[in-house]
Structures are given as structure tokens and as C-alpha cells.
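Hi everyone, thanks for making time this morning. Let me put the structure up on the screen, and then we can walk through it together.

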Amino acid sequence: MPRHSRTSLDYDPLTAAIAPPSDETPEQRAKREQDEAEAQRVSDLIDEQLKAERAALKKKKPPIKVLLLGQSESGKSTTVKNFQLAYAHNAWLEERASWRSVILLNLVRSVNTILDILGKEMHYVSSPPPSSNLRLPPTSPTSSQTSDEDDDDEEDEPERNLPAPLPRRPGSASPPATQQDIALYQMQMRTRNTRFLFTEKHRLLQMRLKPLRRVQRDLEQLLGAPSFVEADDLRGPATPFASMEGSSPSSTVSSRKRMSQSHEFVVRSRNGWKGALRLGGDEDERERGERGKGGKRGRDERSEETMGVISGCGEDIRALWADPIVQEVLAKRGVKMEDQPGFFLDEVDRIATRDYEPSDDDVVKARLRTTGVQEYHFLFEKGSEAGREWIMYDVGGARSYRSAWYPYFMDVNAIIFLAPISVFDEPLAEDRKVNRLEDSFLLWKAVCSSRLLSKVQLILFLNKCDLLQRKLKRGSQLRQYIPTYGDRPNDLANVAKYFRQQFREMSRRYSPEQRSFYSFLTSVVDVKSTAVTLGTVREGILRNHLANAELI
Ligand SMILES: Nc1nc2c(ncn2[C@@H]2O[C@H](COP(=O)(O)OP(=O)(O)OP(=O)(O)O)[C@@H](O)[C@H]2O)c(=O)[nH]1
Ligand SMILES: [Mg+2]
């Protein structure tokens, strides 16, 4: 009877197939049994590992997910940096050096901005005074006539980078001019009529600092997309995510995967966090390799070259920044370099050197726009938080990036919303007709109103208090931009209290369900005070998370 037709229950074809040959010698048998014992040992080991992993997974606490929201330059990335500094210090140290190029770019951009302004002024000095009149922006009903008459005058268009008013007065068709508009207009008039006493020194500085134009281009190339973005590419609706509520979670989750770049920090010992951060990730590395000549070596050479040019220009940069005529020109133009993000001109002696290494404060102050969404993982491995992973999502805040926020609304535990409150007199870069504070209010209102976020804990950072204080001390009057502020004292404590009330009221009015209002007055460039704030925030988020878990 052929084997395959046997039906007896004591026959197992598999056993038959792996059975030792009938003519096995004693040596072969000993070898076979040894191999089988070893295979069994490995198999047992794998089983044990799988069991342990399953048990660990069971014990693993769910990650806490925090989303940072707010307009561009509100301080989101700076807040993440503070979180790294406080809770991932070793990884922070590893990453710190890679910020050098960003800081150099910040410095060089400041110099080139000054050179641009200087160039224009020197041009005015060497050319006859303009014959056409500057336009006065629309202001009160009486002065708006002036602007109507001059509406066809295109010649002065580039000069009209005027800020938008806040709030618009009811009933007025066109936005009325703010005090700042008028001041800017008067300043432009004065500037055009002023003849600065430029000397040979200014012409020499201009000439000797010219190589910094190329350095800026090189650094922008090296750093890739975020340092290239033009204001025109940032335009878009204020709250695109508000109209996306209800769209399919699966499509938004996959778009979220496409958009995010992941960075990991792991804390392993009581010494703090360990891990690594690769600025930009592999993809950027590849792109940059292709852009730069000859990949990493080419980049290193260029970086050396760049450093050489910058350090060679150090003296002249210092002379330019310290020059009283340059300072006068900037003041007349209303340009406050020291209020601008990424301001390093005061540190030029330290930074424009070949062996410059960024300090913690430098990195916190450095400015690099976020494009898309950056994902940061923090894993606590000691203490009561052991095994708990935190994931922070840092989004690009410019208007054109805001539709990318929505997929992250699906499953976050908390949102830290940054509203810079020093910007009450500034226009939004993406749309200069809009006041920056007004844009923050629109965003906050939309976030509070979102049904998807109705159970998410919202934490508000009223940020840039240091800049607000500086502005108020210089004499900026809040009531000129927000008439409802009335006669309240024009100091930090009262202005901050007023803003807090406004945001609280919006949260109360627009939240679909009742929610607690948590707010902090912050200057996130101040690492010490921010560490205290973040400690409180962390505890609050954790407590809220645990309370919700209990409820479930
Ligand atoms: N003086 C001062 N500067 C701040 C403060 N917060 C942030 N900055 C600076 O403002 C600039 C912009 O901050 P970022 O954290 O990059 O802003 P962002 O919200 O991430 O901006 P996007 O990436 O464009 O969305 C940086 O140069 C910061 O150092 C603050 O409280 N005070
Ligand atoms: Mg950012």
C-alpha cells in the first residue's frame, strides 16, 4: 500500500518526514540530539522574550500627546526647546552645536537688513529730493480724504508697509490709520527730508560687508526650506482647520504621517535625558547633500569658508551696529532690530569668531521658521513617570501651514496655545492689513470653538511679556490700538491682566462644553522662569490625564 494512502491514526506524515534515518550512526545521533537541544534553548528564549514584551506592553502607560499652537513667531519652537533643556538635557547638549549655522544666519540677516536700509538712505542723499508727495494712510474721516485723492499714485507703494489697525472702528469702510501708521508716515516724510551725514566710513562698511550677501544665500541653502520661505508663500485663511471639522479621520491621519518629522529623546538615568536629535532628519540631509557641492565634505568646506568670511567681517559688523548715524537712520525708520527675532548684533564679538560654540541662551533665542509639523518624543524612564512617553507636536504657525494642524486635533491630551501679547501694534507678516493680536484672537476663538477639541485641556501662554514691557516703557499706548482699554494704567501688570480677561472671556463664550481656563504670563526666552512654568504645566497635564483615565 502506498504511504500517502495510509489512514491509520498512529501515522503522522510530519513525524515521518523529520524522523532520523534508520541507518543513523551513534555519532550522528549524538550530534543531532545536541543540535535539537540548542534549537529548543533558542526557541524557549524567544518565547520568554515575547512574554516579557507582552507584559511590558500591558504595563506601558499610554503616551501623553501635547500640541503646540499659535501664530508664526509666537514662541512654539522656543517652548519645545525649553522642554528639551529641562527634560532632555544630554540630547540638548548633543544638538546644541548644530544651531550654529542658524545663529550665524540670524546675525548675517540682521546685518544685511541694516545694509539695505542704509543703501536706500544713501541713495536718497545722493539723489534730488522726490517731487511726488507721500500718501497719508486713511485715518479719521477728515484725513481719509487725503488718501482718496492720492489713490492713483503708485510711486510710493514700496514705502507703504503700514500696519493694520486694531480694532476696526464700527461703521468705517476702510481701516482707519493707527497712531503707528501716522507716526510711520511722519517718519517717512522726515526721513525723505533728512540729509544724514554719511561719510567715507559708511561707504567702506557697505563695500566690506558685501560678501555677507553671499554668506546669507549659502547659509539659507545649507539650512533648507524653513530659511527660504517668502511672505507671499505664507498667505492663507486665518483658521482653515475650522472648516475641516467632520472630514474623514483616516485621510487626515495619513496626511499627518506624511507631514510629520520625528525626533526622539530618551531619558535613561537619573542624570537626565539621553538621545539624539538630527536637525531636519534624513530627508533634509539628502536634499541638502544634493544642493551643496559634494555632500558632507563640500558642506564642511563651505561652512569653513562661511565662518572665515563672518569672522573676517566681525570688526566691521560691530562698527556698523555701533555707528551713531546708522542708529539714527534705524530710529527714523522706526526699525527696532533688538525687538526682532534672532537678534544677535549685541553678541557679535563672541559669535563672529572661528571657534564659536552656541550657548543655551543663543539656541533659545535663535530663529528658524517651522514648516509642516515636527514631532518630538520624550521617554521618562525613572521615577513615578517611568515608562511614560510624551509626544510634542510643534507646528508651523504661518497661515499657509495651518491646515496641517487639523489631523493632530484627533487625539491630543493637551494644547499649549501661544499668544504673543507684545504684538498689539504689529501687522501680520502674511497679511499686513491684519493686526497680529487680532490674528491670535481669531485663532484662539477657533480652537476654543472646535468640537473635536471640546474635551482637550487648553493651556494659554500669554507670551513675549518681556517685549511687551519694553514697548510699554518706551511709551507705546495700548489704548491707541485698543480703544476699549480706556484709561487703565499702561503698565505690564494691567495690560497683561486685560489680555488675560479677553482670552478667558472668549474661552468661556466659545467652548462647546465648560472647560477650565489655565493661563500663564511667559517670556519663553527666559529659560529659568520657563522651566518653572513647564514644571507646573507638566504636572497639570498629567493630573488631568490621570483624572480622565479614572473617569474612563
Ligand atoms: N524676547 C522674546 N523673544 C521670544 C519670546 N518667545 C519667542 N521669542 C523669539 O521669537 C522668535 C520666534 O520664536 P519661535 O519659537 O521660532 O516661533 P514659532 O511660534 O515656532 O514660529 P513658527 O515656527 O513660524 O510657527 C525666536 O527668535 C524666539 O527666540 C519671548 O517671550 N520673548
Ligand atoms: Mg516654530
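Which residues does UniProt list for "binding site" (unreviewed entry)? The UniProt record gives Asn463, Lys464, Cys465 and Asp466. A word on that record: its positions are in the numbering used here, feature names are shortened, and annotations may be inferred rather than shown by experiment.

Before going on, some housekeeping. This is a predicted model, where local features need pLDDT of at least 70, side-chain atom pairs count only at pLDDT 80 or more, and totals for chains, interfaces and linings use all residues. Residues are numbered from 1 along each chain as its sequence is written, while chains are lettered from A and ligands numbered from 1 in the order in which they are written.

Now the overall picture. The chain has 19 helices and 10 strands; these are DSSP runs numbered from the N terminus, with helices being H or I of at least four residues and strands being E of at least two. Of its 552 residues, 32% count as buried. Buried here is defined by 20 or more other C-beta atoms within 10 Å of a residue's own, exposed by 12 or fewer, and partly exposed is in between, with C-beta atoms placed from the backbone. Among contacts in the chain with a separation of 6 or more, 81% are between residues 24 or more positions apart. A contact is two C-beta atoms, placed from the backbone, within 7 Å.

Let's go back to that listed stretch. Asn463 is in strand β9, and it counts as buried because it has 30 C-beta neighbours inside 10 Å. Leaving out residues up to four places away in sequence, Asn463 touches Ser74, Gly75, Leu418, Ala419, Pro420, Ile421, Thr522 and Val524. Asp466, in contrast, lies in helix α17 and is partly exposed, with 16 C-beta neighbours inside 10 Å. With neighbours within four places set aside, Asp466 is in contact with Ser523 and Asp526.

Staying with α17, which of its residues are buried? They are Cys465, Leu468 and Lys471. They sit on the same side of α17, because they cover an arc of only 120° around the axis, the arc being that of the directions from the helix axis to the C-beta atoms. The buried residues of α17 pack against β9 (457-463), α18 (492-510) and β10 (518-521). On the face turned away from that buried side we find the exposed residues Lys473 and Arg474. Just after the helix, Gly475 takes a positive phi of about 110°.

Next, the strand beside β9. β6 and β9 pair in the parallel sense over seven bridges, pairing meaning that DSSP finds at least two bridges between the strands. Ala414 has Gln457 as its bridge partner in β9. Strand β1 (residues 64-69) also runs parallel to β6, joined by four bridges, and there Val66 stands opposite Ala414. Why is β6 (residues 414-420) described as largely enclosed by the rest of the structure? Because seven of its seven residues are buried. Ala414, Ile416, Leu418 and Pro420 point one way, and Ile415, Phe417 and Ala419 the other.

On to ligand 1. There are 24 residues around it, and Gly75, Pro341, Arg367, Thr370 and Gly397 come nearest; a residue is near if its C-beta atom, placed from the backbone, lies within 6 Å. The elements giving two or more residues to this shell are α3 (76-87) and α17 (465-474), with α3 providing the largest share, three residues. By type, the shell divides into five nonpolar, 12 polar and seven charged. For that count, Ala, Val, Leu, Ile, Met, Phe, Trp, Tyr, Cys and Pro are nonpolar, Asp, Glu, Lys and Arg are charged, and the others, Gly among them, are polar.

Let me finish with Thr370, where UniProt also places the feature "binding site" (unreviewed entry). Is Thr370 buried, partly exposed or exposed? It is partly exposed, with 19 other C-beta atoms within 10 Å. Thr370 is found in the loop between α15 (360-365) and β4 (373-380). Beyond its neighbours within four places in sequence, Thr370 is in contact with Ser77, Pro226, Asp394, Val395 and Gly396.
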